[in-house]
Amino acid sequence: MGIKPMGPFCAVNGSADHQELKDRILRHIESSQGRDPARADARDVFKAASYAVRDLLVQKWLRTQKENYARRRKRVYYLSLEFLIGRSLGNSLINLGLFDQATKALEDLGCELEEIREQEEDAALGNGGLGRLAACFLDSMATLGIPAYGYGIRYEYGLFCQKLVDGCQVESPDNWLRYGTPWEFARPGYLHPVRFYGRVRYVTDGRGRYRAEWVDTEEVMAMACDYLVPGFDNEHVINMRLWTAHASRELDLSLFNSGDYISAVHNKVASETISKVLYPPDEVQQGRELRLKQQYFLVAATFQDILRRYRKYNAGFDRFSDEVAVQLNDTHPSIAIPELMRLLVDEEGLAWEKAWALCVRTFAYTNHTLMAEALETWPVALLGRVLPRHLEIIYEINRRFLAEVARRHPGDPEKLRRMSLVEEGEVKKVRMAHLAIVGSHSVNGVARLHTRLLETGMFRDFADFFPGRFNCKTNGITPRRWLLKCNPGLARLITETIGGEWVTELDHLRQLEPYAENPAFREKWRRVKQENKERLRAVIGADCSLDVDPASLFDVQVKRIHEYKRQLLNLLHVITRYHQLLADPAAPAVARTVIFGGKAAPSYRQAKLIIRLINAVAAVVNTDRRMAGRLRVAFIPDYGVSLAEKIIPAADLSEQISTAGTEASGTGNMKFALNGALTIGTLDGANIEIREEVGAESMFIFGLTAEEAERERQRPTRPSRRIYEANPEIRRTVDSIANGSFSNGDRGLFRPIVDSLLGADPYLLLADLEDYLRCQAEVDRAFLDQEAWTRKSILTVARMGRFSSDRTVREYAEEIWGVEVN
């Protein structure tokens with residue numbers, strides 16, 4: 001076939017027609033893949049299609065960059081140790097308006113788009129909601145035309161792959177780059193040195209100033225890798241810049257020539273470990289040190305990049321905070337605050353006071369946790385060894401800050417102790433959240449309850465000291481991925497009914513409300529849900545070797561496995577339900593398929609034991625012939641973004657059952673609700689705001705409030721033992737775990753779970769269980785009336801407009817960053 005040079009895409013509404021796209025795919029199979037199109041396999045076609053799409057992305061990105069420089073627009077830098085971006089081909093096609101053209105082009109080539117999309121590896125560069133939120137925000141920043149950059153680390157191995165062996169989680173490396181990725185632009189021209197260890201010496205410079213120098217350091221090089229993020233239906237493309245580590249010296253030739261081949265490459269191997277794996281194990285010293293180095297590696301490379309860009313048009317730093325806004329996504333990148341101070345004071349020679357004022361005006365901090373144990377701290381000894389100058393700067397920040405606290409609150413040493421950036425104790429530690437609060441002009445929570453608890457609880461002293469600094473920015477999700485892409489049947493029905501403006505103006509979904517009263521529309525709605533459930537049935541069949549009834553109620557809880565998220569509470573209901581069905585086989589009951597998914601941190605023994613118990617219960621229930629057509633339990637392994645896109649559209653019931661006062665916001669609750677699932681949940685995180693929007697009648701709320709839960713925690717003894725003894729149903733459920741009913745008679749296997757339930761019960765499972773069982777019975781009654789259930793489902797979707805990440809990012813832009821939105 002004749003191959004023409006590839007020029008710019010022909011403009012067809014800023015996009016491309018299917019014939020041009022097909023031609024480009026064919027050319028990329030040859031020129032980029034080095035393959036004969038007649039012999040190309042699905043992976044070859046995936047890469048070629050991705051390169052073809054990337055051609056258009058690059059053109060738009062270059063125009064975006066030129067416009068931003070020409071207009072001298074203030075830039076937003078979003079720093080996150082996690083970006084859970086998933087797959088990019090489908091999302092890019094949708095945002096570029098190329099989905100139909102790509103479908104037709106691939107059909108002409110004898111391929112199906114869905115098969116080609118399945119060839120892409122999930123980029124699992126995050127652990128859960130934090131990283132997924134960051135990915136949603138980039139999509140919204142691009143869609144809103146904000147001049148933004150996402151900065152993170154290009155982990156060679158993402159979050160581990162999860163396999164189930166005899167019901168147990170077994171981890172294996174997630175080598176998402178083993179076939180390469182067509183979306184990456186490696187930028188060896190953007191190579192920045194990052195230093196560690198060494199010592200600090202003080203010298204008098206040529207202008208007679210006494211200054212610190214960080215010397216005798218070890219050096220690692222950070223190389224930029226860019227991934228382009230398109231806005232929806234616009235010309236705006238931004239980039240996520242991920243850093244990968246390289247040795248400053250690839251090979252010690254003298255050692256190599258002497259025959260010591262291992263030592264000759266030791267420096268290279270040790271250096272590149274920094275970007276090797278997401279979340280090294282922190283139960284060992286080497287893992288903690290590596291995590292600290294990862295955090296500094298990200299911010300040191302990023303700020304060299306920021307300063308490089310800033311200096312193109314600025315000689316001094318008077319305009320720095322007018323042109324630069326930095327958002328810290330949780331405490332992980334907060335070492336950026338002393339790093340910027342080091343650059344401004346040590347490298348640029350600014351006075352401390354001026355540098356600090358610039359620093360505070362530049363940074364903003366998002367807090368993502370309400371649990372004190374999850375707030376990051378670093379041992380002073382470790383920080384001082386790895387980053388000696390930064391520890392000095394932190395001490396100086398703390399000295400000046402506590403002096404001001406003491407001036408305003410004389411004679412209150414306890415307040416000084418609580419607010420200090422350094423936690424005194426047997427092991428002295430730096431409190432990174434305190435550093436982030438003191439060094440930022442804005443501190444935001446991610447739901448109203450979360451923000452209130454921050455201001456009145458763990459950070460009350462700081463909220464009082466910095467009036468106006470704390471604010472709420474309730475999380476959101478991008479409707480492009482979490483409805484338009486993952487649920488095309490429902491998206492099509494909505495667009496046919498009210499038009500397509502909802503994709504960028506989610507409040508337009510309100511126009512669906514009258515259709516909830518239309519029987520024909522409700523029937524179409526149910527048909528879409530049934531088709532989604534059939535697709536998930538196939539996934540469960542393939543991944544779990546289990547056939548489930550798509551007419552049953554799909555009861556879903558998929559998220560990171562953690563005790564506070566209370567997968568165990570869900571399982572206690574399953575066991576109770578199982579016993580009820582055994583006790584009264586003739587009783588009418590709603591058929592349920594209870595679906596779990598999620599990963600436990602490799603060192604989190606109790607969470608991994610909960611996974612094992614879920615699978616043990618599933619093995620008993622699913623092999624009990626009496627449960628046929630009544631109850632099934634599935635744990636779908638290796639949960640991630642792409643699997644979520646198949647599960648969420650099929651859910652009837654969304655389990656959002658964390659202990660009140662523990663979940664900062666949650667975004668899974670929003671994704672399920674946007675796809676028409678009804679929610680059973682506690683008054684925690686964003687559940688409260690979702691209920692305000694969709695209506696209490698469309699949710700199933702149970703359990704203690706955050707205030708009630710806190711009072712329970714303050715009691716000298718938990719009520720769990722009393723509840724166990726007083727309630728025969730609950731006692732039977734707990735006893736069946738203890739007596740080996742789900743462990744082949746092994747009474748010791750799940751003893752840690754039983755001991756926790758009847759002992760400390762830190763997340764108040766038994767305290768909430770009675771009300772949870774009551775609420776689940778209410779769900780059964782509601783599901784029997786399919787017309788009413790469907791009406792609630794439609795109204796839930798119609799009232800989810802507030803939970804678009806476009807709204808959230810717009811609030812950040814206008815109220816924190818001070819940047820214009822297109």
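**Helix packing and a pocket in a predicted model**

User: In this predicted model, at roughly what angle do the axes of helix 12 and helix 15 cross?
Analyst: Helix 12 covers residues 336-347 and helix 15 covers residues 388-408. Their axes come within 9 Å and cross at roughly 95 degrees.

User: Is helix 12 roughly parallel or roughly perpendicular to helix 15?
Analyst: The crossing angle is roughly 95 degrees. Angles of 65 to 115 degrees count as roughly perpendicular. Helix 12 is therefore, relative to helix 15, roughly perpendicular.

User: Which residues in helix 15 meet helix 12?
Analyst: Helix 12 brings Ile 337, Pro 338, Glu 339, Met 341, Arg 342 and Asp 346 to the contact. By class, the contact has six nonpolar, one polar and four charged residues. On the helix 15 side are Arg 389, His 390, Ile 393, Ile 394 and Ile 397.

User: Which helix supplies the largest share of the lining of the second largest pocket?
Analyst: This pocket has a volume of about 1100 Å³. Of its 39 lining residues, the closest to the centre are Phe 99, Arg 117, Leu 484, Lys 485 and Pro 488. Helices that each supply at least two lining residues include helix 4 (99-108), helix 20 (479-485) and helix 22 (519-544). The largest share, six residues, comes from helix 3.

User: How many charged residues are in the lining of the second largest pocket?
Analyst: The lining has 16 nonpolar and 10 polar residues. Its charged residues number 13.

User: Which residues of helix 18 are buried?
Analyst: Helix 18 spans residues 448-456. Cover for its buried residues includes strand 17 (442-445), helix 19 (460-465) and helix 28 (706-714). The buried residues are Leu 449, His 450, Thr 451, Leu 453 and Leu 454.

How values were computed
Residues are numbered from 1 along each chain as its sequence is written. This is a predicted model: local features need pLDDT of at least 70, side-chain atom pairs count only at pLDDT 80 or more; totals for chains, interfaces and linings use all residues. Side-chain values use heavy atoms; hydrogens and water are left out. Axes are lines fitted to C-alpha atoms, for helices over the stretch in contact, and angles run from 0 to 180 degrees between N-to-C directions. Helices (H or I, at least four residues) and strands (E, at least two) are DSSP runs, numbered from the N terminus. Angles under 35 degrees count as roughly parallel, over 145 as roughly antiparallel, 65 to 115 as roughly perpendicular and the rest as oblique. Contact means heavy atoms within 4.5 Å. Ala, Val, Leu, Ile, Met, Phe, Trp, Tyr, Cys and Pro count as nonpolar, Asp, Glu, Lys and Arg as charged, and the others, Gly among them, as polar. On a 1 Å grid over the protein atoms alone, a cavity is a set of points where a 1.4 Å probe fits but cannot get out, and a pocket is an open set with protein on both sides within 12 Å along at least five of seven lines; lining residues have an atom within 4 Å of a point. Grid points are joined across faces, edges and corners, and a volume is the space filled by probe spheres set on the points. Buried means under 20% relative accessible area, exposed over 50%, partly exposed in between (1.4 Å probe, protein chains only).
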